[in-house]
Amino acid sequence: MFRAALTRAAGRAVSFQARDFASAAAGGAAQQPIAIPTAANPRTVTLIPGDGIGPEISASVQQIFTAAGVPLTWEIVDVTPVKGPDGKIGIPQAAIDSVVKHKIGLKGPLATPVGKGHRSLNLAIRK
């Protein structure tokens with residue numbers, strides 16, 4: 001289904017090849033290939049709507065993926081900044097755990113707290 005949606009979008013046949021991914025942490029050993037999602041077994045993606053126009057953009061992206069027939073389910077997580085024990089503002093652990101669990105996430109724009117010493121939340125999520 002994903003292949004068909006991409007073929008329609010590209011206006012030409014699209015081919016895929018199975019790949020193994022190497023990991024430096026695993027000593028360069030190949031990891032298991034990622035399963036291709038199907039309607040019966042959709043891929044779960046962490047969705048972080050973000051701030052400002054982020055929720056509206058995220059909703060539009062969800063509609064686009066649905067219209068294209070991409071087999072995805074969304075786990076929507078809130079990343080309202082939390083103050084850690086060290087006094088620094090950061091991302092809630094549940095949001096980080098969701099991205100690590102699903103290995104893929106889509107993030108809308110996030111506001112960065114004003115003032116010195118605050119790390120950008122956009123940067124924190126990318127790391």
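## Questions on a predicted chain

Modeller: This is a predicted model, and the chain averages a pLDDT (the predictor's confidence in each residue, from 0 to 100) of 77, with 66% of the residues at 70 or above. Local features need pLDDT of at least 70 and side-chain atom pairs 80 or more, while totals for chains, interfaces and linings use all residues. Residues are numbered from 1 along each chain as its sequence is written, and side-chain values use heavy atoms, without hydrogens or water.

Biologist: Which element has the highest confidence in the chain?

Modeller: Helices (H or I, at least four residues) and strands (E, at least two) are DSSP runs, numbered from the N terminus. Confidence is lowest in helix α1, residues 2-10, at a mean of 56. The highest mean is 95, and that belongs to residues 72-76, strand β2.

Biologist: In what order do the elements run from the N terminus?

Modeller: The chain has 4 helices and 5 strands. From the N terminus on, they run α-β-α-β-β-β-α-β-α.

Biologist: Is H102 buried or exposed?

Modeller: H102 sits in helix α3, residues 93-102. Leaving aside neighbours within four places in sequence, H102 contacts R43, T44, T46 and E75. Buried means under 20% relative accessible area, exposed over 50%, partly exposed in between (1.4 Å probe, protein chains only). H102 has a relative accessible area of 11%, so H102 is buried.

Biologist: What geometry does the aromatic pair of F65 and W74 have?

Modeller: Rings of Phe, Tyr and Trp (its six-membered ring) pair if their centres lie within 6.5 Å; planes under 30 degrees apart are stacked, over 60 edge-to-face, the rest tilted. A search of the whole structure finds 1 aromatic pair. F65 and W74 lie 5.7 Å centre to centre with 80° between the planes, making the pair edge-to-face.

Biologist: Which residues make up the largest nonpolar core?

Modeller: Such a core is a set of buried Ala, Val, Leu, Ile, Met, Phe, Trp, Tyr and Cys residues joined through side-chain atoms within 4.5 Å. Not counting residues up to four places away in sequence, I91 touches V79, V82, I96, L121, A124 and I125. The largest core has 8 residues: I48, V77, V79, I91, A95, L110, L121 and A124.

Terms used. Contact = heavy atoms within 4.5 Å.
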